[in-house]
Amino acid sequence: MPKVLVTGGAGFIGSHVVDLLLAKGFDVTVVDDLSTGKRDNIARQARFHEIGVNSKEFAQLVRDERFDVIAHLAGQIDVRKSVADPVADATINILGTLNLMEAVKQSDAKTRIVFTSTGGVLYGDFNTPPNVETYPKDPESPYAIAKLSVEYYLAYYGRVHQQDAVAVRFGNVYGPRQDPHGEAGVVAIFCGRILDDRPLTVFGDGLQTRDYVYVGDVARAVWLAATKPLPEKGRLDARAFNIGTGEGTSVLEIARLLQGAARSNVPIEFAPRRPGEQQESFVDAGKASEVLGWVPEIALADGLAKTFAWFARETSGAAT
Ligand SMILES: NC(=O)c1ccc[n+]([C@@H]2O[C@H](COP(=O)([O-])OP(=O)(O)OC[C@H]3O[C@@H](n4cnc5c(N)ncnc54)[C@H](O)[C@@H]3O)[C@@H](O)[C@H]2O)c1
């Protein structure tokens, strides 16, 4: 049974990765400090360590267990928090990942690291989407800079220390278990608002696009990246894969689709455009299709309907 460690396995995407890997027959260990994740999200068959990725205990665990795969999803995910406190963001997102990579190096195990990067904010407004992996990068936030920095470290550790790593660059992930509070994904926020019978707030003209990809599809991409043969190690981008649908969908369209799925007529209200917000962002996932055999399977309307149904059950207290 291959041994896998999922960091951030109590979180939104990480918990779906845990469920899928258990179903595929992996022996799964989870590390999470529960800063945003929930213990209830972790499947019972997984072992759980409540520790932070910057800790000595974490490095020791990685050295001792010599995992076959480490899916690294733990991180600070809030772009606004990274702007307010870039040091805190870099401490978790860069130094926490380096702690992991150094521990793998010291363990001398043949561990494959799957790093969850971003396709949504890595390329910035520099290019005309759909963005291809090799396009120039223009990270516009400390969060995106941290993700890009880690990708450079992965490429470097690959060349110099023969570390086996891959970066999956997600679009805008949505689905069950996403946190509807704070600055989370717009789908979760809109589901929460519809269920509270409150208006859906759209910033600017609502025509800004994002690549909305269903969490089950994303979990499958992590599994494929963990198990498939990869291209030669090399420079940045050599082992990076965009994970998205290739289509940009406007926020206004998301609001309308969710109103339809929920059979709700809560109003849509407009608020001033947020400074620095990217206008268009969607990715070309052709490389993931060719190399990993990954294509998204859940159509947007179906994914939104599933997601709203989950939030509705959760609100009524019936969800598990
Ligand atoms: N949600 C998206 O649309 C999206 C897009 C691109 C990339 N990603 C990346 O995917 C990963 C998972 O994101 P998510 O949306 O599931 O967010 P999430 O907040 O639900 O998951 C992150 C998990 O990491 C844990 N964590 C945070 N800091 C930690 C630390 N120092 N030590 C141990 N655990 C820690 C949290 O408790 C949480 O369970 C992140 O790396 C994120 O940057 C997400």
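Helices (H or I, at least four residues) and strands (E, at least two) are DSSP runs, numbered from the N terminus. The model shown in every view is predicted.

**View A. Loop between β7 and α6, with R177.** R177 is found in the loop that runs between strand β7 (172-174) and helix α6 (186-195). Although R177 is not a glycine, its phi is positive, at about 80°. R177 has 22 other C-beta atoms within 10 Å; because 20 or more are required for a buried residue, R177 is classed as buried.

**View B. Loop between β2 and β3, with L34.** L34 is found between strand β2 (27-31) and strand β3 (47-49), in the loop that joins them. The phi of L34 is near 60°, a positive value in a residue other than glycine. Around L34 there are 14 C-beta neighbours inside 10 Å, so L34 counts as partly exposed.

**View C. The cis peptide bond from P129 to P130.** The bond that links P129 to P130 adopts the cis form, and its omega is near 10°. P130 has its place in the loop between strand β5 (112-118) and helix α5 (142-161).

**View D. Packing of helix α1 against helix α7.** Two packed helices are described by the angle between their axes and the distance between the axes. For α1 (residues 12-23) and α7 (residues 215-227), the axes come within 9 Å and cross at roughly 60°. This angle makes α1 oblique to α7. The crossing of the two helices, α1 and α7, is right-handed. On the α1 side, the contact is formed by F12, I13, H16, V17, L20 and L21, which meet V215, G216, V218, A219, R220, V222 and W223 of α7. By class, the residues in the contact of α1 with α7 comprise 10 nonpolar, 2 polar and 1 charged.

**View E. Packing of helix α2 against helix α4.** The axes of α2 (residues 56-65) and α4 (residues 86-107) are 8 Å apart, and the helices pack at an angle of about 35°. The crossing of α2 and α4 is right-handed. From α2, the residues F58, A59, V62 and R63 meet N99, L100, A103, V104, Q106 and S107 from α4. The contact of α2 with α4 divides into 6 nonpolar, 3 polar and 1 charged residues.

**View F. The shell of residues around the ligand.** There are 30 residues around the ligand, of which G8, G11, I13, G37 and G75 come nearest. The elements α1, α4, β5 and β7 each give two or more residues to this shell. Helix α1 gives the most, with 3 residues. I13, one of the residues that come nearest to the ligand, is also one of the α1 residues that meet helix α7. The classes in the shell around the ligand are 12 nonpolar, 16 polar and 2 charged residues.

**View G. V160 in helix α5.** V160 lies in helix α5. Because V160 has 10 C-beta neighbours inside 10 Å, V160 counts as exposed; the limit for this class is 12 or fewer. From C-alpha to C-alpha, V160 and I77 are 29 Å apart in space, and in sequence they are 83 residues apart.

Methods
Residues numbered from 1 in each chain as written. Predicted model: local features only at pLDDT ≥ 70, side-chain atom pairs only at ≥ 80, totals over all residues. Axes fitted to C-alpha atoms, helices over the stretch in contact; angles between N-to-C directions. Parallel < 35°, antiparallel > 145°, perpendicular 65-115°, else oblique. Left-handed = near helix turned anticlockwise from the far one by under 90°. Contact = placed C-beta atoms within 7 Å. Nonpolar A, V, L, I, M, F, W, Y, C, P; charged D, E, K, R; others polar. Near = placed C-beta within 6 Å.
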